[in-house]
Amino acid sequence: MTEPFPPRDPAYETKVRDSFARQPFMTLIGAELGAVAPGRVEIVLPHAEKVTQQHGYFHGGSIGAIADTAGGYAAFSLFPPDSTVLTVEYKINIMAPGKGERLVAVGEVTRAGRTLTVAKIEVYAEAGSTRTHCATATQTLMCLAGRPDARA
């Protein structure tokens, strides 16, 4: 398989996994990093009461949080070693209730620029062997070159 966007950092997967591990919010909600490939990242959120709304579905904020993170890390996987990533904007359409055992957000880069990168994210609710497409997002991310991807 040919990679549509070659990573600028040969250690991209370690960089993404290390950065994800430093995100307290992802730990707080129980999100996990799944597959990591150049320009593509999956985030999994197991069902838990703390991430639901009044009907027991995944809260829209939970859906948005993992969508933002999946797109951000998809972009970050293509950035050079001496950089970090910040979301410039994202738009999400929730098309079906987030109902199931887990959510899976799949972020994929659609355009990789030097400074701005665009990603598309699909979010699925999984229950047993049933997978329901519950949300689609588009996102713009900024590469901050020369900035470490850690707290100062």
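A pocket is an open set of points, on a 1 Å grid over the protein atoms alone, where a 1.4 Å probe fits, with protein on both sides within 12 Å along at least five of seven lines; lining residues have an atom within 4 Å of a point. This is a predicted model, in which local features need pLDDT of at least 70 and side-chain atom pairs count only at pLDDT 80 or more, while totals for chains, interfaces and linings use all residues. Residues are numbered from 1 along each chain as its sequence is written, and side-chain values use heavy atoms, without hydrogens and water.

The largest pocket has a volume of about 500 Å³ (the space filled by probe spheres set on the points, which are joined across faces, edges and corners). Its lining has 19 residues, and Q23, T84, V85, L86 and D149 are the closest to its centre. At least two lining residues come from each of helix 3 (60-76), strand 3 (83-94) and strand 6 (130-145); helices (H or I, at least four residues) and strands (E, at least two) are DSSP runs, numbered from the N terminus.

G71 is found in helix 3. G71 touches G107, A119, I121, Q139 and L141, leaving out residues up to four places away in sequence (contact means heavy atoms within 4.5 Å). G71 and I29 lie 42 residues apart in sequence, and their C-alpha atoms are 18 Å apart.

| Residue | Relative accessible area |
|---|---|
| G71 | 0% |
| C134 | 0% |
| C143 | 8% |

Zero disulfides (pairs of cysteine sulfur atoms within 2.5 Å) are found in the whole structure.

Terms used. Buried < 20%, exposed > 50% of the residue type's maximum accessible area, 1.4 Å probe, protein only.
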